[in-house]
Every structure is written in C-alpha cells, then in structure tokens.
Amino acid sequence: MCTLSWQHHQGTLNIVFSRDERRSRIAAEPPMVFNEGGREILAPHDPEGDGFWLATNDQGLTICLLNDYAAEQQHRTTMATQSRGRLVRSLSACATPMAVRSLLQNTAPMDFAPCVVFVFWQTQEPLCWRWSAQAWSETVAPSSPFSTSSLLPQWIPLLRRYFFSRWATELQGWRIWTPEHQLQAHCQRHGWMPWASVAMNRRDRATVSLTRIQVQPGLTRMEYWPGTPVPGAEPTSIQTLKTHWQPLPHSAPVVPPIAPPVDVERLLQDKNPTLWQRLRGWPLRLLLWITQVRQFNQALMALSDTNARRFPAQVLQRLGVSAQVLNGATLPTVAARPVFVANHPTGGLDGLILLAWLQSYYPEVKVVVTDLLTLIPPLQPLVVPVDRYRSSRQSVRNLHAAFATDAAILVFPAGRTARKQQGQLTDFEWHSMPVTLARRYGRSLVPIHLEGTNSWLFHGVAALRQRFNAALNLEMALLPRELLKPATRTFDVCVGETIRAEDLEQLAPNDQQRMAIVRAQYGRLARPHPALAQATSSLVLKETSS
C-alpha cells in the first residue's frame, strides 16, 4: 500500500515515496545515518521490523520496497517469518546494481512475503525486481508512478496512475513538472474515494509518511514528513549524505538540437541518389506519410534534452513498452568486457530494451548498428556506426576501436530485422564478426533471446514483396511506424550462459562454426516451432562432433 514516483529535473533525480501502513503499527523513526557493511546509509527506520522501506547510500545507490499484494493473492503465500525491511537493509550495503543482482540471485530462498524492489543507480532510470515468494523476476523500463494496494490490488494502482495523469494534464503535461508539483501529486486526496487516493485514508490504514530523496553528484538529500501528507507543509526532518561516486559516462545534461534529427529527403540523397531522383515529387511525399517521419521527429524532439543513459528507458516508458527478464542467468562482470549477441525481432524496440537494461549494470555500453541512427542525437554516444549501404573502411575501424575498449558491446549478428518464414519469426543468417573480434580482443560472449514481433502490416508487406520478387525492402519504410505503434508491449528476455574468451577457441575450428554454436545456444533460449527445435538439435550435434 505505497506509491513511488520519480522524475529528473535540472540534473537531479527526485524520488518521492508515500508509505501506507496500518494505523496500529509503531511509528517510524525519522531518517538518520546508519553503517551497513562499512557503507554509510541514509534511511528512515521501522522499529517494528528493524528494517527500512527505502534507503540511499554513499555510492549513489537507492533502494525502495513496496509490498506486492497482487502476488500474495495470486500465489496465496503463507505467513512470512522475515521482515521485508531487512531485505532493504541488506541491499543498501551494495555499491552497484550488479552487486544487488548477485545478492538477490545467490542468497538462499528467503522467507518473506512478495514485494517489489526498485533499484536506482546514481541518476539513472530504475530497475524493478519482483519477489513472488518463489522466485525473483526483473522488469526493464518500469514507468512512474508505481503503486500497490492491499485493497483491490489489481485496480487501485491503476486508479492512482489515473490520478497522477489527470494532475499532470491539469498542469499541461509531465514535462513542465517541477519537484514541487511531484510532491503535491503525492498529497492528493479525493473525498469521494479516500480509500483509493494517493494520500490514502481508510478505517484501519492510511498514508503515514512521505519521503523525498534528491540525488545529485556529491550529495544526497532526504526530506521526511510523518503523518498525513499536507500540500505545502515543511518537512519535519532534513538529512544529507555526502556521496563518493563519479558520474557515469553520458549522464550529463544535454543541449537540445535546433533542427529535427531525421531528414528523409537528405538521407535518400546521400545513401541512394538514384532512388531519390525517382521518388521526387508526390512519391516522396507518400513515402514521408508512410514512414510517419513527422510524428517520429516530434517524438524525438520531446526527448531531445535527455542524455544517452536515460534515453532508451525514457522512449520505452513513453511508448508503454517494458520487458521481463525471465531466467536468472548470471551476467558477466565489467572486467569480462562482454559482447552480447541477440536476435533482432523488431528492428528498434529490441535495441532500446537491451540498451536500457545493460546500461543499468555496466558503466558504458556500445551498440553496433547502422550509421543512420547517428542522426538521433541522444543515441550518438552509444552507437558504433556501420554503413550497410556501401563498403566502408571507416566501419571496420569503428568496430575495432569499439572492441578494443572496456565497454560492454551489444551486437545483432543478423544485421537486419527478422521476417516470418512459414509462419515462424526467423532471424537472417548470423555473421561471424562478433566471434572474430571477441577472440581477437579477449572478450566473453553472451547470447540473448527477445520474444517480440512487429505488426501484421510489416510482415504482410514483407510477404507481398517476397511474393513478387521486389528488390526494394518496402517494409523497412514502416519501421518508424512500428516504433511509434508497437505490436508488442511486453517483451520477454532470456539470457544464455557466458562463453569465456578462452573457451571460444575450443568451440569449433573456425569462426563461422563457432557462431553457429553460439546461435544454437540462443535457439535453446527461445520457444521455437518443433521443426526448428529439431533442426537446432541437429546443428548442435553436428557442430560439436566436428
């Protein structure tokens, strides 16, 4: 029965947490500095459970926990013996989200009720972990606000999101929200349904406190209001904590560009002058309408002041797209300099999902994609540009320069968006480049599978083009539309076992066969058609016996 919201304002991350509790619970102690595992922690203290419901530490890591009543009803869990606040206390001693992930995955089964844990790293967008009382799952790009309720747990959180949205509409949109507007939203009480309000009031339960955390380099500030939230009230406690972290790469505020980022006509002139000459006039105007380039540019301009670290998650949040990481595979450390190889089901959203997720764990992430994406300013620091339309020595130099760094690298070996073959979404052939460069630069390899697809229109146009042997990839013009109107709103992500650099040599005699084995491992992560599963098994047997 809590509500959590967050927003960025002038380089500061503002987190506001409304704590709903039973009226008979012992009053919490105001924020103070604790020492957990040699690390300074700033948190309000719950004396009844001897734990925290939120905490922030001197390494820029902030943990927030909400009870998950929907999961309690679904799984019908028995009475837990441990306080969930003790979990926050343990996690708050971690320095990075990778340490949090390791602690959650490697700890013995925990005897506490279902909960949702949000992990903020410095001023980035958060990760969300859910405990069902049986296993942990991970959500990429959760949206603000997030709420839970013991009463009507499926519906009241939706009502509270509606209240936030209506409040934002009255203020003419989220982008003009200040930290004070955000705080006022947590003080909303609706006389006709106080039991569902953000500032909740019921006979036996109520909103008992409000906490705001403001995170910026060098200093974290925590303000605390006990009791019923009142608009304009001064906090009864203000505490600060000196922090000792260096801002992550590409996390500084950016200056918005003046011109729209994507100019299709200029792009055609540069990449395909012959086609541009043929399309001049009404065919070009028709192409611009089909690609929805105006709407695409409007969406990009709305996020033009977002830095590269937050941009992928912000796009997903605005589109209402998220992802669930289904299996609990262990991610390689930063020192392993991993190369993540993934399928390419949608041509846009899949890259944004993996960038948002990987940037939550690695200080720097690069993605190997077409140089066309350098037209999007917030993506420029993340892109390793490759020119797919002409042979380019510069593309080769870009690849070698990226693999020589310590950044984690994301590659889509197919190089093109997947198409349907016999009703099954299938990647094109995977190129061996990631294996070749991973071996050369001593990097580990990690296969990833994403479950998602584009719309029937995209695949229908592709099927018609193939039926009539048209050389021009007409369906590619629909990719901006596919991004703006996603056919898949929730993606499933499965991560394979890490293949260490020294083990790549032992997989097969050459890189093409090595990549075939890596793709076979990726195939086992998917939920394939039976015929494809049999073909994959045959490929594994063939490659391992060669």
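**A short tour, starting at a cysteine**

Select cysteine 94 to begin: its relative accessibility is 9%, so this residue counts as buried (under 20% relative accessible area; exposed is over 50%, partly exposed lies in between, using a 1.4 Å probe and protein chains only). Before you move on, note that this is a predicted model, where local features need pLDDT of at least 70, side-chain atom pairs count only at pLDDT 80 or more, and totals for chains, interfaces and linings use all residues. Residues are numbered from 1 along each chain as its sequence is written, and side-chain values use heavy atoms, leaving out hydrogens and water.

Now look for disulfides, meaning pairs of cysteine sulfur atoms within 2.5 Å. The count is zero. Cysteine 94 is in none, as its nearest cysteine sulfur, in cysteine 115, is 15 Å away.

Next, pick cysteine 494. Its closest cysteine sulfur belongs to cysteine 128, and at 18 Å that is too far for a bond. Cysteine 494 is buried too, at 14% relative accessible area.

Then go to threonine 123, in the loop between strand S7 (115-121) and strand S8 (127-131); strands are DSSP runs of E, at least two residues, and helices are runs of H or I, at least four, numbered from the N terminus. Threonine 123 is buried, at 13% relative accessibility. Show its contacts (heavy atoms within 4.5 Å): beyond residues up to four places away in sequence, threonine 123 touches His8, Gly11, Leu13, Val215 and Arg310.

Finish at tryptophan 195, in the loop between helix H5 (179-185) and strand S11 (205-216). With 31% relative accessible area, tryptophan 195 is partly exposed.
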